[in-house]
Amino acid sequence: MAGPKSEALFARGRKVLIEGVSSASRGPATFGGAPRYMSHGQGARLYDVDGREYLDWMMAFGALPLGHAHPKVAETIAREAARGTHFATALEVEVEVAEMLVALLPHVEKVRFANTGTEAAMAAFRLARGHTGRRKIIKFEGHYHGWWDAVLVNTNPYPPTLLGHPNDPIRIPDSSGIPEEAWKDTIVVRWNDFDALERAMALHGRDAACVVTEGVMSNMGVIPPKPGYLNRMQELCRQYGALFYLDETVTGFRLAAGGCAELYGLEPDIVTYGKALGGGLPMAMIGGRDEIMSGLEWGKVLHFGTHNAGRLALHVTKVMLETLLADEKAGFRRLRDLGEQMTAEIRKVAGTSNRHGIVVQGVSSMFQIFFTDHPEISDYRDFCTHVDRVKFRDFALRLMDKGIYMNPSATLHSLSSIAHTEADIAMTARAMAEVLEEMP
């Protein structure tokens with residue numbers, strides 16, 4: 001449970017902040033009560049205001065591939081802040097980082113920087129509509145592409161009885177305040193289902209501006225794509241003239257240097273990046289072929305922003321990329337190896353438990369634990385039907401009491417950073433074994 005200083009801050013925070021925090025994933029909706037208020041971080045550790053130390057596997061929802069307060073990042077921020085935090089002008093570092101990204105991502109010829117994954121996705125959808133002259137967007141159940149009205153449908157788990165037939169999912173807005181007109185052109189399709197994809201494209205493909213997907217389903221834990229599924233999606237987009245939009249907000253600079261596009265051999269028309277791109281500072285980008293990205297020129301497809309290409313964030317992005325790419329991309333290999341080792345260790349621990357049904361799923365540096373008796377979680381409906389989210393929250397909160405920090409929401413996931421070690425993996429595995437023995 002949260003310590004006394006966190007409890008006191010929560011009481012104060014609720015008087016002036018909604019739920020005492022600035023995002024529901026940080027507050028009582030996720031933690032069931034007072035969250036632990038953090039004071040600082042170092043390497044793979046977080047420290048709360050009560051003086052407790054945690055081994056952090058959340059890593060700011062994946063925004064910290066280098067860990068907390070990496071020396072090069074801290075040095076860069078201190079040096080550049082002394083030279084000015086933000087100019088809202090053209091910058092040399094802006095060109096340098098764009099050159100690095102274009103050199104790294106073979107499917108990207110031009111980029112445009114934004115602040116957050118949501119902002120980048122909004123611009124990408126507008127760009128797809130402007131480029132194709134089409135209105136419809138095809139998205140998938142359970143996938144999250146930011147909190148923009150048009151795509152904030154079927155992103156949260158719901159009782160299976162509300163979802164409708166898998167061939168014709170019921171579109172469910174995830175928030176009040178979203179007019180039906182905002183999502184009337186959004187088509188929702190079951191993910192990881194070849195037949196559903198073929199059917200949706202036959203019905204709507206010629207009217208679709210784009211088909212958007214997470215490369216790995218990251219909004220319902222970690223759900224990998226079935227072999228060949230994303231490649232078939234790309235083929236169908238080419239066949240019907242819709243743009244293939246790969247949202248790498250979560251997976252970019254986490255799973256491989258080239259993200260899911262590299263991992264699964266894809267050539268998307270549009271990509272968006274966020275989270276890890278900024279190395280802990282707000283930074284996102286839209287990228288693609290010149291013929292598509294040129295739609296943003298002279299405001300033909302409008303995208304403005306005072307804080308686009310933030311100066312400090314660009315310098316940190318440059319350092320993050322240089323660090324992970326050094327020694328022939330050794331940092332990316334380290335992220336992958338640690339994530340895969342952690343996944344393997346959790347599976348060993350889960351295998352020794354006779355009282356709890358557990359499935360562990362992971363891709364490269366990302367992993368998640370599902371409390372379920374189902375053999376595999378392969379899509380949104382599996383998650384809604386078979387995953388015990390209440391049990392996972394109990395598990396995560398008990399781990400926190402043992403100094404292991406994972407977000408208590410089963411819809412999220414954990415990640416490695418280059419600051420983690422094999423000793424951290426062993427420590428986490430021991431704590432998990434203890435918690436599973438203690439749980440009813």
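A: Happy to; here are some questions and answers on this predicted model.

Q: Great. How many helices and strands does the protein have?
A: There are 15 helices and 16 strands.

Q: And how does the radius of gyration sit against the globule rule for 440 residues?
A: The radius of gyration is 21 Å, close to the 22 Å from the rule, so the protein is as compact as a globular protein of that length. Along the principal axes, the C-alpha trace spans about 55 × 55 × 50 Å.

Q: What share of the residues is buried?
A: Buried residues account for 56% of the 440.

Q: Let's zoom in. Where is Thr 249?
A: Thr 249 lies in the loop between strand E10 (243-248) and helix H10 (259-263).

Q: Buried or exposed, that Thr 249?
A: Thr 249 is buried, because its relative accessible area is 12%, and the cut-off for buried is under 20%.

Q: Nice. Which residue's side chain has a polar contact with the side chain of Thr 249?
A: That's Asp 247, and the contact between the two side chains is 2.6 Å.

Q: What else does Thr 249 touch, leaving out residues up to four places away in sequence?
A: Thr 249 touches Gly 117, plus Thr 272, Tyr 273, Gly 274 and Lys 275.

Q: Switching topic: what about the accessible surface of the protein?
A: The total is about 18300 Å², with 53% of that belonging to carbon and sulfur atoms.

Q: Last one: how far apart are the mean positions of the positive and negative charges?
A: They are 3 Å apart, for 47 positive and 53 negative charges.

How values were computed
Residues are numbered from 1 along each chain as its sequence is written. This is a predicted model: local features need pLDDT of at least 70, side-chain atom pairs count only at pLDDT 80 or more; totals for chains, interfaces and linings use all residues. Side-chain values use heavy atoms; hydrogens and water are left out. Helices (H or I, at least four residues) and strands (E, at least two) are DSSP runs, numbered from the N terminus. Buried means under 20% relative accessible area, exposed over 50%, partly exposed in between (1.4 Å probe, protein chains only). A polar contact is a pair of N or O atoms within 3.5 Å; within protein, one must be able to donate a hydrogen and the other to accept it, and residues adjacent in sequence count only if both atoms are side-chain atoms. Contact means heavy atoms within 4.5 Å. The radius of gyration is taken over C-alpha atoms; the globule rule is 2.2 Å times the number of residues to the power 0.38. Accessible areas come from the Shrake-Rupley method with a 1.4 Å probe; for residues, only the protein chains shown count as cover. Lys and Arg count as positive and Asp and Glu as negative; His and the chain ends are not counted. The place of a charge is taken as NZ of Lys, CZ of Arg, CG of Asp or CD of Glu.
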